[in-house]
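Reader: Hi! Could you walk me through this one when you have a minute?

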Amino acid sequence: MEVINLEATEDTPRIVLDKDKSLFEISGRSLPEDSAEFYQPILEWLDRYQKNANPQTKFAFKLEYFNTASSKLILDILSKLEDITGTTVIWYYHEDDEDMEEAGEEFSELVDIPFEFATY
Amino acid sequence: MDFVYELHKTMLQEKLILAYEGEFTQEVTKSILAMTERNMDSFGEDSGVKRKVFNVMVECLQNISKHADNLDPESGAKNNALFMIGKDEHHYFITSGNPVFTEKVPEINRKLSGINDLDKDGLKALYKEIITGSPGLSEKGGAGLGFVDMARKSGNKLQFEFETIDGRLSFFSLKNTVSRVNTKE
């Protein structure tokens, strides 16, 4: 399956989606001008991955900041992950970033996926 | 040329560290964010405060670029609006001003007043209600969460005002206050 490997920019996160290496990670800042357009390829990739997913998918979110339009798209990603058996979300937050910790907790309440929390 | 000195005095008096008037695009948003971050780094601002200021600024700036209505559609000038950051010993003030169609004023007013009536848990519940309620982003690419998020992150009430420009347009001013004292402890 094709690999998605996007470098971070000032307003978009780094994204790695690699089925063979079992790497699934979104990290950095997310405040694109058009969140729907930016995340569309990610959602489409997850649709394809879901058809032949690894037995386990550890999906890491390591976000420093995301805007409200991105939060809606993060929820869309989580909803896709909900349909992939064996998914765990690892929600990273900076150790003094209470808001990011809380954001993770809130997402975990909105979807039916196990969340693990870790600091960096 | 008196206005130059007057403007300078006003900026000092209002303790403004940055004021921008003009077109709002993603490029402008990124520049303003970068300048403000550098400014806050230069005197070692607390990282939690920095994050909150950044957060409120992004929502404020992207709100303007998505929603400010055109003062003069003929001229092609886009989203002519004002954005300012002020700072005193204990607070940051993130203020914006932009024209909106007067017909939208009651709805913005209702939204903001509703948000100001809520406490922390109420805001959290409203955030969840909005994020799960709509099937996607609006036509303008917003999640409808900007004001709620500003109130949650700043931890303060939103101050706002509308002034009549002409029969069609009103000027919408919005002020967010972020405390520089870390309220966590």
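Author: Happy to; we can start with the contact between the chains and then turn to the cavity.

Author: This is a predicted model, where local features need pLDDT of at least 70, side-chain atom pairs count only at pLDDT 80 or more, and totals for chains, interfaces and linings use all residues. Residues are numbered from 1 along each chain as its sequence is written, chains are lettered from A in the order in which they are written, and side-chain values use heavy atoms, with hydrogens and water left out.

Reader: Thanks! How many residues does the contact take from chain B and from chain A?

Author: Chain B gives 31 residues and chain A gives 27 residues, with contact meaning heavy atoms within 4.5 Å.

Reader: And what area is buried there?

Author: About 2,500 Å², with 49% of that from carbon and sulfur atoms. Buried area here is the accessible area (1.4 Å probe) that two parts lose on being put together, summed over both. On the chain B side, Gln26(B), Arg51(B) and Ile131(B) supply 22% of the area buried against chain A, more than any other three residues.

Reader: How many salt bridges cross the interface?

Author: The rule finds 10 between chain B and chain A, counting a side-chain nitrogen of Lys or Arg within 4 Å of a carboxyl oxygen of Asp or Glu. One of them pairs Asp99(A) with Lys52(B) at 2.7 Å, N to O.

Reader: Which elements of chain B touch chain A?

Author: Those giving two or more residues are helix H2 (26-42), helix H3 (47-67), helix H5 (120-133) and helix H6 (146-154) of chain B. Helices (H or I, at least four residues) and strands (E, at least two) are DSSP runs, numbered from the N terminus. The largest share, nine residues, comes from H3(B).

Reader: Switching topic: what space lies in the largest cavity?

Author: About 140 Å³. On a 1 Å grid over the protein atoms alone, a cavity is a set of points where a 1.4 Å probe fits but cannot get out, and lining residues have an atom within 4 Å of a point. The volume is the space filled by probe spheres set on the points, which are joined across faces, edges and corners.

Reader: Which residues line it?

Author: Among them are Asp99(A), Lys52(B) and Arg51(B). H3(B) gives the largest share of the lining, four residues.

Note on methods:
On a 1 Å grid over the protein atoms alone, a cavity is a set of points where a 1.4 Å probe fits but cannot get out, and a pocket is an open set with protein on both sides within 12 Å along at least five of seven lines; lining residues have an atom within 4 Å of a point.
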